[in-house]
Amino acid sequence: MRGGRDTREEILASAEELLLKRGFNGFSYQHIAVKLGIRNAAIHYHFTTKEDLGVALVRRYRLRFLSWTDETAAIQVSAFEKLVSYLQTYIDYLEGRWRICPVGIFGAEFDAIPDLMRREAQMLMRDVYEWMVMTLQEGRRDGSIAYEGDSRDKAMEVAAALQGALQFASIAGRERFEQVFRQIALGLQPASAKRSDAVSQAA
C-alpha cells in the first residue's frame, strides 16, 4: 500500500465487478488497468497470471460467505430466518447492476476456467451446499422448517431453483425471481406457520 492506496484490494474489487458483468473470460488485465488508471505491470505485480487473480477472487467469496455464516450463527434466530436471510442475498444481486451471483458464474464457466480456480470454485460451492443442508436439518429440529425427503436432496433443489430464477430474472425482471423466492419460503414453512400467517393477514 502506497500513499494510503491499497492497490491489491482495488484490483480485486474491479475484477469482481467485471466478473459479475462479463464472466471470468470476458475481461482482461487491460480492462482493470484502464478502470483503475494503473499499468498492467502493477496488476502483474500482485497477480502474476489471470489464474492467480481468479483464485484470489474465489477465495475472497469463500471468506465472505464463511464470515456471513459465522455472523448468522451468532444471532439467535430460527433456521428458517437464516435461510430467508441467505435467499435475500440473491435479491441484493438483483437490486444492484448485476444479474447473476458468483456461484452461478463459476458454474456456467466451470469447464472454461483454469484448474486451480476450478478447485476453489468447487470448495465454494461445497461450502454453500453444506451450509444449506445443515440449516435445513437445523430447521427440522427447531420446527421452523418442514419438507419431505432427504435434506441433501432438498438443498440441491433449492440451490437449483435459486440459480435458475436469477438467470430468468435477468430477462423477465426481478418480480419473476421474487415469485420463486416466495414459493421456496412458503414450501419450507411448517403448516402451523402458514396457518398463523393466514390468521394474521385475515386480522
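Read along the sequence, this chain runs α-α-α-α-α-α-α-α-α-α, which comes to ten helices and zero strands. Keep in mind as you browse that the model is predicted. Of its 203 residues, 41% count as buried. Among contacts between residues at least 6 apart in sequence, 66% join residues at least 24 apart. Let's take a look at helix α2 and its partners.

**How α1 and α2 pack**
- Helix α1 spans residues 7-22 and helix α2 spans residues 29-36; the two pack at an angle of about 120°, and their axes lie 10 Å apart.
- Angles over 145 degrees would count as roughly antiparallel and 65 to 115 as roughly perpendicular, so α1 is oblique to α2.
- The crossing in which α1 passes α2 is right-handed.

**Who meets whom**
- On the α1 side, the contact is made by Glu10, Ile11, Ser14, Ala15, Glu17, Leu18 and Arg22.
- Facing them from α2 are His31, Ile32, Lys35 and Leu36.

**The buried side of α2**
- Tyr29, Ile32, Ala33 and Leu36 are the buried residues of α2.
- Looking down the axis of α2, you will find these buried residues within an arc of 100°, so they line one face of the helix.
- Their cover includes α1, α3 (40-46) and α4 (50-73).
- Two of the buried residues, Ile32 and Leu36, also take part in the contact with α1.

- Glycine 37 follows α2, and its phi is positive, near 70°.

Terms used: Residues numbered from 1 in each chain as written. Predicted model: local features only at pLDDT ≥ 70, side-chain atom pairs only at ≥ 80, totals over all residues. Heavy atoms only, no water. Axes fitted to C-alpha atoms, helices over the stretch in contact; angles between N-to-C directions. Helix = DSSP H or I, 4+ residues; strand = E, 2+ residues; numbered from the N terminus. Parallel < 35°, antiparallel > 145°, perpendicular 65-115°, else oblique. Left-handed = near helix turned anticlockwise from the far one by under 90°. Contact = heavy atoms within 4.5 Å. Buried < 20%, exposed > 50% of the residue type's maximum accessible area, 1.4 Å probe, protein only. Arc of directions from axis to C-beta.
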